[in-house]
Amino acid sequence: MSAGGIRPSQPFPDAARETLQDAQMRRNLRHATTTIREKRLQAVAELPYWEDLRTQGAAIKDVVLDNLAEHLLTLEASVKRLGGHVHWAQNAEEAQRLVADLVAAHGVSEVIKVKSISTDEIELNAALEARGIHATETDLAELIVQLAEDRPSHILVPAIHKNRAEIRELFRRKLGAQLLTDDPKVLAEAARVYLREKFLATKVAISGANFAIADTGTVCIVESEGNGRMCLTLPEVLISVMGIEKVLPTWPDIAPFMQLLPRSSTAERMNPYTSFWSGVTPGDGPQEFHLILLDNGRTDVLADAVGRETLRCIRCSACLNVCPVYERTGGHAYGSVYPGPIGAILTPQLLQLDDANANSLPWASSLCGACYDACPVKINIPEILIYLRGQITPHKTPNVESIAMKTAAWIFNESYRFEGAIKLARTGQGPLVQHGAVRALPGMLGGWTSSRNLPPFPPQSFRELWRKEEQREQ
Amino acid sequence: MSSEARLEILTRINRATSGHPPALERPPIPTSTRPSAEILAQFAEYAAEYRAHVQQMAQADIPEALAKLLAGKRVLVPEGLPAAWRAALDSTPDNGQSHAELTHFQAVLTTCAVAIAETGTVVLDHGSGQGRRTLTLIPDQHVCVVFWHQIVESVPEGVATLQEAVTAGRPLTWISGPSATSDIELSRVEGVHGPRSLNLFIITPGD
């Protein structure tokens with residue numbers, strides 16, 4: 001089941017310890033992230049005005065967020081004017097109910113879906129299943145994840161943790177496909193044959209939305225395979241679930257994003273297919289269109305002056321591919337449909353910093369800043385990570401940490417105290433050093449060594465060495 | 001439920017925002033200064049890099065090139081194409097065939113609204129000569145005729161050209177090469193669901 005939601009089932013360090021055991025996954029991920037990373041640098045280098053584009057993208061998003069209500073109302077009016085319907089959902093449950101009711105009203109038990117993180121966020125597939133409605137994912141990777149009853153591990157290439165042999169086995173078992181080889185071409189053909197029938201026969205389709213333009217009521221889906229176009233044009237009814245932050249003011253505002261998104265995500269000059277539609281078009285495509293505007297915690301993020309810029313995100317996944325933590329732990333460790341650096345700030349905020357497991361995510365970072373450099377809309381992810389850490393850590397009256405910090409300050413303040421402390425530590429560390437590293441500190445300090453090794457104090461400090469050298473020269 | 005949700009969401013937004021948006025400075029759309037032959041060449045090169053089959057020709061050569069490319073194929077044609085293009089083809093006009101009926105065609109022939117050199121993209125606004133959206137989706141081959149004067153250099157220029165169609169409520173399909181996936185170990189495979197081949201006829205200015 002690809003529905004995953006945003007509530008991690010365990011804290012990041014525990015989940016990461018598990019995923020780090022999976023050597024196959026780490027190999028796949030390293031290959032994927034390094035490949036996309038290099039390609040992306042080339043794609044970006046082709047545009048000499050890339051930095052201006054980033055600034056422009058960020059500026060448009062900020063203006064949208066500053067006056068979000070007005071843009072949403074304009075969008076609503078435009079979509080209605082063009083024959084579409086607009087619904088509002090405060091949370092996952094309301095959105096699930098809206099979609100399920102719309103599907104049920106058409107008396108069908110099968111729907112097709114184009115990859116959509118917002119529907120994964122609200123765990124739509126499971127909710128539909130509970131109402132007796134089966135949703136088939138039509139993006140190749142999402143289909144793989146769904147057939148494997150697994151969870152997506154990457155925003156853009158959700159099945160990147162699986163290799164071709166596993167996929168061949170899966171298709172044999174679940175689709176009954178006769179597959180002579182595990183050539184990706186052969187595997188993609190099997191999916192094509194399986195899905196074509198669904199595309200032609202299914203009455204209702206469900207999608208997300210990459211952008212929506214307020215003044216023209218135009219919704220947009222960016223994709224590669226054509227499954228998006230199939231879902232958006234063949235069925236009679238189309239239901240699109242869109243986060244409220246995805247609205248853009250006017251048509252020309254789409255231009256920077258159609259430059260920023262493909263180059264940042266798949267490292268292409270342009271993705272193979274982008275569909276734009278406004279309400280319904282007589283004689284072309286679905287004749288019934290519903291747009292569901294989803295809040296689900298976004299207005300809380302909007303209310304936070306520092307965290308707000310998280311809502312600029314266009315879900316390109318560039319931050320995942322440059323993140324050393326993501327590259328090693330993989331997407332599943334984040335326990336949310338939003339993995340990687342953006343997930344580390346978006347997930348806890350969408351949950352109002354109330355979820356203890358999600359609250360461990362802002363520490364899932366080395367703060368190297370690569371994500372900020374890569375972000376096409378300049379979200380200052382490292383700054384927000386630190387800010388969230390501050391929000392999450394309770395400001396208690398003197399606790400062990402604050403006493404320890406005060407003591408450390410007192411020691412560091414005078415060189416003789418510092419040197420004395422080092423000597424003491426060097427003598428005291430003896431029993432703790434194993435195979436050249438301190439692997440487990442006792443008591444509360446054990447938190448530090450639970451996920452890292454500590455190099456032992458050297459037999460001689462730099463100061464001692466310096467003094468010795470000086471004496472020798474005299 | 002939805003109207004309560006609407007009020008609640010809008011109230012929360014208004015509480016969260018100042019309501020005094022900074023004015024957005026939209027930079028002017030850069031107009032290209034490069035010679036049009038160069039832009040045409042860039043479009044041809046980039047489209048080919050996306051595995052589109054690109055042929056450059058004079059307008060007069062279209063019927064012959066079509067006849068050669070589509071010999072023996074059942075070709076679907078939207079309204080609005082020049083009669084001369086259809087002369088040598090086994091072509092059927094779009095008269096609202098069902099999706100199932102569309103699967104019996106091997107190819108579709110269209111024009112486009114604009115083409116973008118910087119990205120190798122053709123854009124259909126589904127006006128005259130381009131047909132409804134499913135026509136270019138179900139048949140396995142899409143042949144698209146692009147005239148030199150339709151090629152712009154950059155995405156913002158392309159977007160500006162499309163303002164009128166979008167304002168009129170028409171859908172758009174942006175196509176850059178044939179359907180493709182890289183979902184399995186990042187190796188690119190063409191033709192998952194859309195047409196497996198895209199042929200672009202780029203019509204060069206006549207003398």
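Over all chains, the structure holds 40 salt bridges, a salt bridge being a side-chain nitrogen of Lys or Arg within 4 Å of a carboxyl oxygen of Asp or Glu. This is a predicted model, in which local features need pLDDT of at least 70 and side-chain atom pairs count only at pLDDT 80 or more, while totals for chains, interfaces and linings use all residues. Residues are numbered from 1 along each chain as its sequence is written, chains are lettered from A and ligands numbered from 1 in the order in which they are written, and side-chain values use heavy atoms, with hydrogens and water left out.

**Interface of chain B and chain A**

- In chain B, 68 residues are in contact (heavy atoms within 4.5 Å) with 95 residues of chain A.
- The two chains bury about 6900 Å² between them, 60% of it on carbon and sulfur atoms; buried area is the accessible area (1.4 Å probe) that two parts lose on being put together, summed over both.
- Across this interface there are 10 salt bridges.
- One salt bridge joins Asp253(A) to Arg26(B), with the closest N and O atoms 2.6 Å apart.
- On the side of chain B that touches chain A, α1(B) gives the largest share, 10 residues.
- By class, that side of chain B has 30 nonpolar, 25 polar and 13 charged residues. Ala, Val, Leu, Ile, Met, Phe, Trp, Tyr, Cys and Pro count as nonpolar, Asp, Glu, Lys and Arg as charged, and the others, Gly among them, as polar.

**Helix packing between the chains**

- Helix α4 (residues 68–81) of chain A packs with α1(B) at an angle of about 145 degrees, their axes being 8 Å apart. Helices are DSSP runs (H or I, at least four residues), numbered from the N terminus; axes are lines fitted to C-alpha atoms over the stretch in contact, and angles run from 0 to 180 degrees between N-to-C directions.
- Leu68(A), Ala69(A), Leu72(A), Leu73(A) and Glu76(A) of α4(A) meet Arg6(B), Leu10(B), Ile13(B) and Asn14(B) of α1(B).
- This contact divides into 6 nonpolar, 1 polar and 2 charged residues.

**Within chain A**

- The axes of α20 (residues 415–428) and α22 (residues 462–473) of chain A come within 10 Å and cross at roughly 110 degrees.
- α20(A) and α22(A) are therefore roughly perpendicular to each other, a term for angles of 65 to 115 degrees.
- Residues making the contact include Phe418(A) and Lys423(A) of α20(A) and Arg463(A) of α22(A).
- The contact of α20(A) with α22(A) has 1 nonpolar, 1 polar and 6 charged residues.
- Asp14(A) forms a salt bridge with Arg17(A), the closest N and O atoms being 3.7 Å apart.
- Both residues, Asp14(A) and Arg17(A), lie in helix α1 (residues 12–19) of chain A, 3 residues apart, about one turn of the helix.

How values were computed: Helix = DSSP H or I, 4+ residues; strand = E, 2+ residues; numbered from the N terminus. Parallel < 35°, antiparallel > 145°, perpendicular 65-115°, else oblique.
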